Amino acid sequence: MSKSVARGLRLAGLAALIAMAALFPLVFSNPTATNFGVVTLIFVIVASAWNIFSGYSGYLSLGHAVFYGTGAYFLVVASRDWHLTGSAVFWLLPLAGVAAAVIAVPVGLIALRVRRHTFVVITIAVFFIAQLSASNLSITGGSSGLLAPVPNNWDPATYNNPFYYVGLIIAVATVALSLAVRRSRFGLQLRAIRDDEDRAAGLGVRAMPVKLTALVLSAFITGMAGALWVYFIGQAIPQFVFDPLFDLAVVLMAFFGGLGTIAGPVLGALVLEPTQLWLNLQQSNGYTAEILFGALFLVVILFLPRGVLPTAAEYITAGRARLMRHRDRSQPLGTPSAQTPTPAAGSAQ
Amino acid sequence: MGTEITQAIAAGILGGGVYALMAAGLTLIFGVLDIINVAQGIMVVLGAYLSYVLSTHLHLNLLVGLVITVPAMFVIGVAVYTLFIRPLRGSERTSMTLLACFAVALIIEGVLYWQFGSNYVSLHSSFTSSSVHVFGFYLADIYLVGFGLAVVAIAALYLILYRTTFGRAVRATMQNQTAARLVGIDVNRVAAVTFGIGTAVTAIGGAVFGAINSFTPNSGYDLISRLLAIVILAGMGSIGGALGAAVLMTTAEALVDIWQPDWAVAVFYLAMVIILTVRPAGLFGRRPVRAQ
């Protein structure tokens, strides 16, 4: 199988996946199914966005809910003050992303001065500052929160569809951006920082601007996702908008699929979010889901520390190599193998 | 007004002792194992619930109950370390251990919700409702008892660290793990016991915390964010620094609380952010945090 055929197959698979995603609400028009679809897409977006910063740079953020919440509150307040309803509200999404990106600049300037543990802890602290502010400021409606605009003239049968398609567009764009970043010089600089920041700096990577750009980019997308979510949910309450479980869920999704890969966070979101939503439907109490969630997290960290996709890719490569050795051995001596080993395609991509 | 301020300072210093104890456990674990135990907050809540069970079902005095809860938390700490932390190796170990601790915290929180529900409970004892009259204001006895307990526990921690062979092994491991291994220290055992000790102090912290505040399984988040702020402010791995930072922060919080109760907690985080922009290694940081 030549390289161009492999690429063609991969593109065809990707197109089929997008087509399937686009047809999903038409086939499963039941509101519960489309509801699952919207929330899952939102997590596809956020997990990919998180991965663009944390997966590529190695700086684990446990505070992305700050950007998510900023986008959410921006949408609620802006649509109220500018009297927007219906589909017009969707035009606020990019602006909500900009609001989150603006918040990301000071956060990054402070937090990115430190590394490793300290960075993670500062992102947690920033998260709690945000939650506290949302509960106490008047612009966010305090602890009782605010109501998002209600698009009440939409047909209840297809109510979820506009959210679904907007989410799908953002999700596809985010994955494309993730791919573009990974293949660019900028992505290479980010991964150099992940591997050894001091050496990268020694080789001329201007670490701070590169890290900050990645964080701002990631925050922009996360803010859009937060705005879409709040419009879909209909209300912004501090403890749900700024939810520590949200941060963990996103990190788990990226880890589950494969940190720093393109398809990994998408796979993680597609598998884990519907599972969690389903569990919540089955068990009205929150704790069963919480215990299972924690246990799954431990299993992934202990047994699949590099994620499903890289681990699977390793198994496939190892299996192929074993097959090749076996074939070589079974051939009579002196006849060179006609098969050239297929390069272990980085199928993790 | 003057009385209010004196009272706030007294409550801040006394309350700071308990936070200092919990933060000391956190910073000890960090110093030896290079792990941030984000489960420390929920461990405190777990310790509080253990005391709650002992006092409601067995009618044990809070202080007597510690004889059971401290070893219990020690065992839990050693078990968590052996099962979930020790197997983690490799270049991503730092972030992996942090996430593993977070996962453990989630499981504990879930189990607590399952067993105790989400209603607020608090610990009661003979000294939780009484108070003493000093300097013209009333101070609840529990603050004094809690502070006393914290001082005793921290003193014990210091004695273990600086007066025993085990403590010397711990300090050696903190300074250089490879060298410690070379001179014959069983680093794995030291790590497991340190994690156990760091967790055991949460039993005391939990008993006092639960007697001062009412709590739910959700209280762990508030606790851990405060503890992390203290430890970062102090400089990771500095036990003495954690004591200073804890007292400083709780006093500042108590003072702000007089005028702005809603924003008092923010003092913790704001102080941390401001200090880190000036001194990334923290106030008493022993080693540069920037070093990889």
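Visitor: Before we look around, how are the angles between helices defined here?

Guide: Happy to start there, and please keep in mind that this is a predicted model. Axes are lines fitted to C-alpha atoms, for helices over the stretch in contact. Angles between N-to-C directions then run from 0 to 180 degrees.

Visitor: How are H5(B) and H6(B) oriented to each other?

Guide: Helix H5 of chain B covers residues 141–163, and helix H6 of chain B covers residues 165–175. Their axes lie 5 Å apart and pack at an angle of about 80 degrees. Angles of 65 to 115 degrees count as roughly perpendicular, so H5(B) is to H6(B) roughly perpendicular.

Visitor: Which residues of H6(B) make that contact?

Guide: From H5(B) come Ile160(B), Leu161(B), Tyr162(B) and Arg163(B). The residues of the contact divide into five nonpolar, one polar and two charged. The partners on H6(B) are Phe166(B), Gly167(B), Val170(B) and Arg171(B).

Visitor: Which element gives the most to the side of chain A that touches chain B?

Guide: The contact takes 34 residues from chain A and 41 from chain B. On the chain A side, the elements giving two or more residues are H5, H8, H11 and H13 of chain A. That side has 23 nonpolar, five polar and six charged residues. The most, twelve residues, comes from H5(A).

Visitor: How many residues of H11(A) are buried?

Guide: H11(A) reaches 21 Å from its first C-alpha to its last, close to the 20 Å expected. This helix is largely enclosed by the rest of the structure, because the buried residues number 13 of the 14.

How values were computed. Residues are numbered from 1 along each chain as its sequence is written. Chains are lettered from A and ligands numbered from 1 in the order in which they are written. This is a predicted model: local features need pLDDT of at least 70, side-chain atom pairs count only at pLDDT 80 or more; totals for chains, interfaces and linings use all residues. Helices (H or I, at least four residues) and strands (E, at least two) are DSSP runs, numbered from the N terminus. Angles under 35 degrees count as roughly parallel, over 145 as roughly antiparallel, 65 to 115 as roughly perpendicular and the rest as oblique. Two residues are in contact if their C-beta atoms, placed from the backbone, lie within 7 Å. Ala, Val, Leu, Ile, Met, Phe, Trp, Tyr, Cys and Pro count as nonpolar, Asp, Glu, Lys and Arg as charged, and the others, Gly among them, as polar. The expected span of a helix is 1.5 Å times one less than its number of residues. A residue is buried if 20 or more other C-beta atoms lie within 10 Å of its own, exposed if 12 or fewer, and partly exposed in between; C-beta atoms are placed from the backbone.
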